[in-house]
Amino acid sequence: MTRRWIVLTALAAATFFVASLGLSWILARPPHQAIKPAGPIVMITMPTLTWDDVSAKRTPHLWKLSQNGAVGNLVTRTTSGHSCSDNAWTSVSAGTRTSIGKSPPETPPGEPVGSCGKTAAPIVYDTNRAWLSGWQGWAENVEDKGFKARIGLLAASQEKKGRCVAGVGGMAAYGAADRDGEIDPFYPNVKDADFDACPITLVNLGSTQDSALGTLLDKLPDDATLVVSGHADDATRERLRTVIISGPDVEEGLLRSTKTRQPGLLQGTDLTALLMQGAAAPPKRAPYEAREPVVQPETDMVSAVKHVRGISVALRDEHRLVPPFFYTYTTLALLAIVGGLVLLRRSPRQGRRFFAAFGAWAASVPVSTFLIGLAPWWQASRPGVALIGGVLLTAVAIAAIALTGPWRRWIAGPAVLIATTTAVVIALDVTHSSRLQLISLMGLQPVYGGRYFGMGNVAYALYASCALLVTALLAGRWIQRGQPRLAAATVVVMGCCTLIIDGHPSWGADAGGPLALLPAFGYLALNAGGLRVTWQRILAVGGGAFVVVGGLAYLDYLRPPAYRTHIGNFVAGFVESGSTSALERNIQLNLKMLTSQWINLLVPVMLALTMYALMRPESRLGRPLRRLTSRVRFLGHGLAAVTICWLIGFGANDSGTAIPPSGMIVMLPLVILIAASKGRYAPRDAPVTAGSVLEPSAGGPRP
């Protein structure tokens, strides 16, 4: 029996490894090339510019730059859902997202864009010098905020070497100002500007007119490195904005950074890192968010522009469709359940078939929102129809495979197939830069403050829930065969793999996730081995979780700053300056999300009711699950482990409020599928008695 366990475990590991290698081979690209400007850097902003505005006919100067440089999309979000030019410029100045005024929130569907408000114009005095009168107050204000920004850092880094940062145009003053709010030199317009005065010149054109850019290009030095960006949303809806970097030392290709890890994607503060390359010495407390842009070489720049335009369109359309998609999906699911209950009363056999089909399809929808990203649905004439239709049809295909394969002979077989598919797809995605998550309806949402890579909260809820359920059901098979030690070994192996993928800084890069996963898997391992859950063991598992997460965070901190994730940055802030701003910010974001809508307050209630139903199977609330969990070995413990993960994840993650309902989206259909499946309940099984999930499940030793 042990030999069989080893063979099956090795086969599963080899299959995942081969799939990962194949995916790595398909996605392989030439090595990244650094951008090392030899001459001056001129950064030109054309606020609200997107790739929809760029074409060979309408914008010949922009098009020429895009064909002779590196291109990408720019995430302009600062500290609110909508970006304004003043805050975008001060974020460039600080190398960290910040705001000096109140920016409007994300624009709701169908609502007008909020106003960015008036900005203070620089006071021009002497010859080509200016001053921002409110700068000192703004500096003190942003130092007290959660992001701990230091506006004026860009100019200060140049002053150490006796160099300057020039500002051209009113808004550029916010990026070129030093610690005292001084801009020297400052030119009110392009006509009077001297582009040889400083190694860094910041220009605000204030429009997207290509002719204005053409006039400016004629005045630039021949060896200048040119950065053109859309910079901010201002009076338009939130979008990814255009960014082009061109110059004699810039390779043709797609822009990216170690912060985004996505080809063709930068964040606004990454441009600060490019501008600061010529600084005499890095500041004592470097801006943790800024990462130097690099270029992924491409031979066909027309295709490169098509790629970045497609990503921009995809993120715009999928975000617009998120609320209607899930409202419609939830409504249809509830109507289907009501209709199925009516059918079940009239014809139990037909009702059971209906619920099996419904459960399989509904459980397949979440993973389908990721898999649809394999097809360029955003290139269709009607992208919204292509996206939604593709998700629904993909779910039908997965459900059909689950219900017709040989695994259907085991009652939990179809559910295990769907849950395994979900967990494996997400695992392969996060180990390969999260490209499917980036544009998924249940994905990262980078434009609106989400991640650029790694394990997002929604994906984590799906991944963790499915991994725990599959682990429990597979461990139950070994318990059926009287092998509690192999059952516990199954939990340990799958738990380690799940934890590593989620917590590794280069893959899931998740801090709160492992804190929830380790206790959940520890609970399963104790029960699989027949050990009673005691307070001593709970404390041991909890302490182990903190040790694992702390170790991963410290290892991330030991890496060079350019390669750290947010986990390592938190440790760096705490070790170097005693800052806990990242932790405080996570707590604030979670509380804000919990109280932002009344429906979110139901999440703790849902958790409490779920825990009560599992702990009190004889109660009225627990009876619906009792028959199923008493006949499918270890299912009850699996559901309890999932609930433990939701509970801890709810409190340990920023926006953790999303974890329990997101996990419920896949878990509820899977439970319905198991209940409605017509396979055998317990092949070669011994009788299982119904009891609380706190009772040990195997016949192993009990202290």
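## Cavities and a pocket

Thr76, Arg77, Gly81, Asp233, Glu238, Arg239 and Val447 line the second largest cavity. This is a predicted model, in which local features need pLDDT of at least 70 and side-chain atom pairs count only at pLDDT 80 or more, while totals for chains, interfaces and linings use all residues. Residues are numbered from 1 along each chain as its sequence is written, and side-chain values use heavy atoms, with hydrogens and water left out.

A cavity is a set of points, on a 1 Å grid over the protein atoms alone, where a 1.4 Å probe fits but cannot get out; lining residues have an atom within 4 Å of a point. Points are joined across faces, edges and corners, and a volume is the space filled by probe spheres set on them. The whole structure has 2 cavities of 30 Å³ or more. The largest is lined by Glu238, Arg239, Leu240, Ser312, Leu315, Arg316, Val447 and Tyr448.

A pocket, by contrast, is an open set with protein on both sides within 12 Å along at least five of seven lines. The second largest pocket has 36 lining residues. Leu8, Ala12, Thr420, Leu474 and Met494 lie nearest its centre.

The table sets these spaces side by side. Its classes count Ala, Val, Leu, Ile, Met, Phe, Trp, Tyr, Cys and Pro as nonpolar, Asp, Glu, Lys and Arg as charged, and the others, Gly among them, as polar.

| Space | Volume | Lining classes |
|---|---|---|
| Largest cavity | about 40 Å³ | 4 nonpolar, 1 polar, 3 charged residues |
| Second largest cavity | about 30 Å³ | 1 nonpolar, 2 polar, 4 charged residues |
| Second largest pocket | about 1400 Å³ | 26 nonpolar, 7 polar, 3 charged residues |

Which helices supply the lining of the second largest pocket? Helix H1 (2-27), helix H12 (413-430), H14 and helix H15 (484-503) each give at least two residues. H1 gives the most, with 11 residues. Helices (H or I, at least four residues) and strands (E, at least two) are DSSP runs, numbered from the N terminus.

## Nonpolar cores

In soluble globular proteins, nonpolar side chains tend to be buried together. Here a nonpolar core is a set of buried Ala, Val, Leu, Ile, Met, Phe, Trp, Tyr and Cys residues joined through side-chain atoms within 4.5 Å. Buried means under 20% relative accessible area, exposed over 50%, and partly exposed in between (1.4 Å probe, protein chains only).

The largest core holds 113 residues. Leu468, Leu473 and Leu670 touch the most other members. Helix H14 (residues 457-480) contributes the largest share of this core, 16 residues. Apart from this core lies another, of 41 residues, including Ala130, Ala155, Ala173 and Val250.

Leu468 touches Leu517, Ala520, Phe521, Leu524, Ala641, Val642 and Cys645, leaving aside residues up to four places away in sequence. Contact means heavy atoms within 4.5 Å.

In helix H21 (residues 623-631), the buried residues are Leu628, Thr629 and Ser630. They pack against helix H22 (635-652) and helix H23 (659-676).

## Aromatic pairs

Rings of Phe, Tyr and Trp (its six-membered ring) pair if their centres lie within 6.5 Å; planes under 30 degrees apart count as stacked, over 60 as edge-to-face and the rest as tilted. There are 8 aromatic pairs in the structure. One of them, Phe325 with Tyr329, is stacked, at 6.3 Å centre to centre and 10° between the planes. These two residues are about one helical turn apart, because they sit 4 residues apart in helix H9 (residues 301-346). Phe325 is buried at 7% relative accessible area, and Tyr329 is buried at 9%. The Trp377 and Trp378 rings have centres 5.5 Å apart and planes at 80°, so this pair is edge-to-face. Both Trp377 and Trp378 are buried. Ring pairs also link Phe325, Phe326, Tyr329 and Trp361 into a cluster.

## Backbone points

Where does the cis peptide bond lie? It joins Asp184 and Pro185, with omega about 5°. Pro185 is in the loop between strand E7 (182-183) and strand E8 (186-187).

Asp234, a residue other than glycine, has a positive phi near 50°. Asp234 lies in the loop between strand E10 (225-229) and strand E11 (241-246). At 19% relative accessibility, Asp234 counts as buried.
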